[in-house]
Amino acid sequence: MLSQFLKEEDGAQVVEYALIIAVVSIGLVLALQPLTLGGSFGTFIGRVATCLTTAVCV
């Protein structure tokens, strides 16, 4: 039973996907950071919300 548990590799795939998601998340935070410095991040989020909830995208 223990040897079968040690041979199991499904958990490794989950860890790999979690690492990929973490790297992409860090990249997004770094890419969107300039928007927060100018104070226009709230405006940006508002525009995205408007585009998603209505048919008008500005």
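**Entry 1: surface.** I looked up the accessible surface of the chain, which comes to about 5200 Å², with 72% of that belonging to carbon and sulfur atoms. Accessible areas come from the Shrake-Rupley method with a 1.4 Å probe, and for residues only the protein chains shown count as cover.

**Entry 2: basis.** I noted that this is a predicted model, in which local features need pLDDT of at least 70, side-chain atom pairs count only at pLDDT 80 or more, and totals for chains, interfaces and linings use all residues. Residues are numbered from 1 along each chain as its sequence is written, and side-chain values use heavy atoms, with hydrogens and water left out.

**Entry 3: confidence.** I read a mean pLDDT (the predictor's confidence in each residue, from 0 to 100) of 79 for the chain, and 72% of its residues reach 70 or more.

**Entry 4: fold.** I found three helices and zero strands, in the order α-α-α from the N terminus. Helices (H or I, at least four residues) and strands (E, at least two) are DSSP runs, numbered from the N terminus.

**Entry 5: burial.** I checked the 58 residues of the chain, and buried residues (under 20% relative accessible area; exposed is over 50%, partly exposed in between) make up 0% of them.

**Entry 6: nonpolar patch.** I located a nonpolar surface patch of about 850 Å², whose members include Tyr17, Val24, Phe44 and Leu52. Helix H2 (10–37) and helix H3 (41–53) are the elements that give two or more residues to the patch. H2 gives the most, with five residues.

**Entry 7: Val24.** I placed Val24 in helix H2. Val24 counts as partly exposed because its relative accessibility is 48%.

Definitions and conventions:
Patch = residues over 30% accessible without salt bridge, like charges linked within 9 Å, V, L, I, M, F, W, Y side chains within 5 Å. Salt bridge = Lys/Arg side-chain N within 4 Å of Asp/Glu carboxyl O. Buried < 20%, exposed > 50% of the residue type's maximum accessible area, 1.4 Å probe, protein only.
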